[in-house]
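This briefing goes through a predicted model.

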Amino acid sequence: MAKATGDENNEINSCRKFTCYRCGMTETFHYFGKRPPFLKSILFLEDVYIAKDPFSPTGEGIFLFLGGHCSLCKNVVCQAEECSIFFSKRFCLSCAEDNSSQFLPE
């Protein structure tokens, strides 16, 4: 089971790696949690992995949402539609398919 490495207690400038267990996408992340200190007006509904956009000027507040943890199996998954869905909580596609009868038909 792939997981993010490093201290997840949010040291903004440290280099930690996010790895999606489904597709293997790996990226450096700068924050894990619901309220990134460099994005004052944003509160996420789940703990998420955030990377500062490397192509934006410093201080612009532009970020990349990488993903989060599946609420059932707890694996780290990216936000790609092939890897996870968010339906009041994040689910990897494996757990979503295994529990599809619990979701609304839409």
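C92 is buried, with a relative accessible area of 0%. Its sulfur lies 3.6 Å from the closest cysteine sulfur, that of C95, which is too far for a bond. The model is predicted, and the count of disulfides in it is zero.

**Cysteines**
- C70 is likewise buried, at 0% relative accessible area.
- For the sulfur of C70, the closest cysteine sulfur is in C73, at 3.7 Å. A disulfide requires the two sulfur atoms to be within 2.5 Å, so this distance is too far for a bond.
- C20 touches M25, V76, V77, C78 and C83, leaving aside residues up to four places away in sequence.

**Overall layout**
- The protein has one helix and eight strands.
- Read from the N terminus, the order of elements is β-β-β-β-β-β-β-β-α.
- The protein has 106 residues, and 36% of them count as buried.
- Among contacts with a separation of 6 or more, 27% are between residues 24 or more positions apart.

**The hairpin of β1 and β2**
- Strands β1 (residues 16-19) and β2 (residues 26-29) run antiparallel and are joined by four bridges.
- T19 has T26 in β2 as its bridge partner.
- Six residues lie between the two strands, and in this hairpin G24 takes a positive phi near 80°.

**Nonpolar cores**
- The largest nonpolar core has 14 residues, and those with the most contacts inside it are F18, C20, F29, Y49, L66, C78 and C92.
- Strands β4 and β6 (76-78) each supply at least two residues of this core.
- The largest share of this core comes from β6, with three residues.
- Another core, of five residues, lies apart from it, and its members include Y31, L39, F44 and V48.

**Aromatic pairs**
- The count of aromatic pairs is six.
- One of the pairs is Y31 with F38: the ring centres are 6.4 Å apart and the planes stand at 90°, so the pair is edge-to-face.
- Y31 is buried, at 7% relative accessible area.
- F44 and F63 also form an edge-to-face pair, with 6.0 Å from centre to centre and 90° between the planes.
- This pair links distant parts of the chain, since F44 is in the loop between β3 and β4 while F63 is in strand β5 (residues 63-69), 19 residues apart.
- F44 counts as buried at 17% relative accessibility, whereas F63 counts as partly exposed at 25%. The cut-off for buried is under 20% relative accessible area.
- Ring pairs also link F18, F29, F32 and Y49 into a cluster.

**A buried glutamate**
- E46 is located in the loop between β3 (31-33) and β4 (48-52).
- Is E46 buried or exposed? E46 has a relative accessible area of 13%, so the residue is buried.
- Leaving out residues up to four places away in sequence, E46 touches G33, K34, F65, F86 and R90.

Technical notes. Residues are numbered from 1 along each chain as its sequence is written. This is a predicted model: local features need pLDDT of at least 70, side-chain atom pairs count only at pLDDT 80 or more; totals for chains, interfaces and linings use all residues. Side-chain values use heavy atoms; hydrogens and water are left out. Two strands pair if DSSP finds at least two bridges between them. Buried means under 20% relative accessible area, exposed over 50%, partly exposed in between (1.4 Å probe, protein chains only). Contact means heavy atoms within 4.5 Å. A nonpolar core is a set of buried Ala, Val, Leu, Ile, Met, Phe, Trp, Tyr and Cys residues joined through side-chain atoms within 4.5 Å. Rings of Phe, Tyr and Trp (its six-membered ring) pair if their centres lie within 6.5 Å; planes under 30 degrees apart count as stacked, over 60 as edge-to-face and the rest as tilted.
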